[in-house]
Amino acid sequence: MDVNDMIMVSIDDHLIEPPDVFERHMPDKYKDQAPKLVNDVSSAGKAADAHVFDYDVGVDRWVFQDESIGVLGLGAVKSWPDEEWSFDPVSLAEMRPGAYDVAERVRDMNANGTLSSMNFPTFPGFAGTHLARMPDTKLTNIVVSAFNDWLIDEWAGSAPGRFMPMGVLPFYDIDASVEEVYRIGKKGSLAITLPETPYGLGLPDFGSGHWDPVFKAMSDTGQVGCLHIGGSFGLFQRPGTATIDDLIMLAPQLTAITCNDIMLSGRLKMFPDLRFALSEGGIGWIPFYLDRFDRHLTNQSWTHLDKLPNGMSATETFRERFMACFITDPSALHLRHRIGIDAIAWECDFPHSDSTWPESPEVLWKEFQDAGCTEEEINKITWENVARFFNYDPFAHIAKEDATVGALRALATADGVDTGITSRAEYKRRWVERHVAA
């Protein structure tokens, strides 16, 4: 086996929503109230009423219920020069098209040797938290369903076998959330993205019973709960001198809190089929956490902790009910057997700054070799664990021999995919050439 023989499935990537998300999925009665992508300043220097293509300056933003919602871009910096990277909002015109155009995304996946990808939303919030704050909840419920239909039917549906569909919920409305879980489960959704620490948003925690109807619906439909980093950062007071570096460094490590919340909630005991993916949380913290928890069960037996599935240790529970993923984690791979080789998956995080695109195969292969991973272990981490955990067949639409890094990159080469460094200004020039000159 060599780098070109790997089959790579990423369970954490991101999409930047294009302007037409709601054009074909909102009921006619509500189409004029759907979120709209607008540009703050047109080339004429006036506020734009709709998304425009002929601007020289300005930032795109989504507007819903007369409010700006979400941040367009949010670190969609891949293929920019490093000195241009930031978390600042930008326009679609400045991004690599693979961030928002599904056909271009597939080409970029080919260039990186990535067979399939699970995509978190951007403007709704990774877990729908931006939509959740909108005042008209009835309208928002309709928008959430329309968004899920677009993501499943158009984004994922346009390239069968290349995406693992995941839905967002109107989690501020439990009844509507349950209905949506069942609805999108029938459409083929494999996962639900949830707030990683809901009590940080003023909502009941996972152990309160509030979420039980959603957990039951997820269990009934076999959908995995995805808990993405970022939502727990606000729980902690940071010093006044804290910078963006604090967020980048600490957010993944706080996944341990999310995991602990679930483990101690009693819900894994209550719902035997409930499973969670810890998205973008890395794997380096897991050995210490499991060692601590397993010892706690004996050393602190006086607490009479009875939250885990009957007869199972913390390690056994984690390995059966969680999937942890990493972008690059060379030290932790040496402890893969302590973590549980069946509980580890890979992620690309395209198009964010942490992503290893377009060199993910080389980066991952080196870490595998340095850690002494066997071919069997490599296959588990790169695709087999994901296929089992998400009940997903990666070869339902693409033959296994056509799904390897080498085969996909050959497609990208034949297609002339450019993976070189490209400035924001150059992307904007190309945008104008495509949309205005045409």
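How many nonpolar, polar and charged residues are there in the lining of the largest pocket?

## The model

This is a predicted model, with residues numbered from 1 along each chain as its sequence is written. Local features need pLDDT of at least 70, side-chain atom pairs count only at pLDDT 80 or more, totals for chains, interfaces and linings use all residues, and side-chain values use heavy atoms, leaving out hydrogens and water.

## The largest pocket

The lining has 14 nonpolar, 13 polar and four charged residues. (Ala, Val, Leu, Ile, Met, Phe, Trp, Tyr, Cys and Pro count as nonpolar, Asp, Glu, Lys and Arg as charged, and the others, Gly among them, as polar.) The largest pocket has a volume of about 770 Å³. Closest to its centre, out of 31 lining residues, sit Leu 74, Phe 126, Ile 229, Gly 230 and Leu 247.

A pocket here is an open set of points on a 1 Å grid over the protein atoms alone, where a 1.4 Å probe fits, with protein on both sides within 12 Å along at least five of seven lines; lining residues have an atom within 4 Å of a point. The volume is the space filled by probe spheres set on the points, which are joined across faces, edges and corners.

## Helix H4

Helices are DSSP runs of H or I with at least four residues, numbered from the N terminus. H4 covers residues 174-187. At its start, a side-chain oxygen of Asp 173 comes to within 3.3 Å of the backbone nitrogen of Asp 175. After H4 comes Gly 188, with a positive phi near 110°.

Key:
Helix = DSSP H or I, 4+ residues; strand = E, 2+ residues; numbered from the N terminus. Expected span 1.5 Å × (residues − 1). Polar contact = N/O pair within 3.5 Å; in protein donor to acceptor, adjacent residues only side chain to side chain.
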